[in-house]
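Here are my notes for your review. Please read them beside the model.

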Amino acid sequence: MLRFLPILLLFLWACTPTTQTEIYRFDQIIVTRYPTNAPPAFPQSFFPENAKFLHSSEFKTSHIHTKEAYILLESEETIAAIRKRIETRAAQGDWKLVDKTEKNGETTYLLEGFIKKSLSIVVSEGGGSANYLRFYFRKHSSY
């Protein structure tokens, strides 16, 4: 009976659940569960290190240009470190911090970029050591 134990352990180890990327396309809308990377419209420098992408969606006006985008991230970084990263990045100049609101354990940032772009970031505490970030991007111009 013990001689089958290593084979059984290998079999059970191979059966562990894994997150697989699921992509759904509806004409100009792309919805992704567990994306491997963020939509290109988002400035990557706002993202925490070792963030786990949970969900994203994009609305494109053409094949290349993104009109609106959303992404949900999970991070092990502390809330204080995430806030500091966002505020430091906003102070660099290409994204202007328009509004910061703290309410019910969530912090919301509204930023404005060049060529009529807006970025909203919602930082919320999750259960345990995980914290969640929601990014919303919108481009208000047609070029």
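Which residues have the most contacts inside the largest nonpolar core? Point 3 takes this up.

1. **Basis.** This is a predicted model: local features need pLDDT of at least 70, side-chain atom pairs count only at pLDDT 80 or more, and totals for chains, interfaces and linings use all residues. Numbering starts from 1 along each chain as its sequence is written, and side-chain values use heavy atoms, without hydrogens and water.

2. **Fold.** The chain has two helices and eight strands. Their order along the sequence is α-β-β-β-β-α-β-β-β-β. Helices (H or I, at least four residues) and strands (E, at least two) are DSSP runs, numbered from the N terminus. Contacts are heavy atoms within 4.5 Å. Among contacts with a separation of 6 or more, 43% join residues 24 or more positions apart.

3. **Core.** L119, I121 and F135 have the most contacts inside the largest nonpolar core, which has 22 residues. Such a core is a set of buried Ala, Val, Leu, Ile, Met, Phe, Trp, Tyr and Cys residues joined through side-chain atoms within 4.5 Å. At least two residues each come from β4 (66–75), α2 (79–90), β6 (106–113), β7 (117–125) and β8 (131–139). Helix α2 gives the most, with four residues.

4. **L119.** Leaving aside residues up to four places away in sequence, L119 touches F42, P43, F46, W95, Y109, L110, L111, F135, Y136 and F137.

5. **Burial and surface.** Of the 143 residues, 35% count as buried. Buried means under 20% relative accessible area, exposed over 50%, and partly exposed in between (1.4 Å probe, protein chains only). The accessible surface of the chain is about 9600 Å², with 57% belonging to carbon and sulfur atoms. Areas come from the Shrake-Rupley method with a 1.4 Å probe; for residues, only the protein chains shown count as cover.

6. **Surface patch.** Y24, F26, I29 and F59 form a nonpolar patch, with about 380 Å² of accessible area together. Patch residues have over 30% relative accessible area and no salt bridge; nonpolar side chains (Val, Leu, Ile, Met, Phe, Trp, Tyr) are joined within 5 Å. A salt bridge puts a side-chain nitrogen of Lys or Arg within 4 Å of a carboxyl oxygen of Asp or Glu. F59 sits in strand β3 (residues 52–60). Its relative accessible area is 31%, so F59 is partly exposed.

7. **Positive phi.** D27 has phi near 55 degrees, a positive value in a residue other than glycine. D27 lies in the loop between β1 (22–26) and β2 (29–33), and is exposed at 79% relative accessibility. K116 also has phi near 55 degrees. K116 is in the loop between β6 and β7, and is exposed at 56%.

Definitions and conventions
Patches are made of residues with over 30% relative accessible area and no salt bridge: like charges are joined within 9 Å, nonpolar side chains (Val, Leu, Ile, Met, Phe, Trp, Tyr) within 5 Å.
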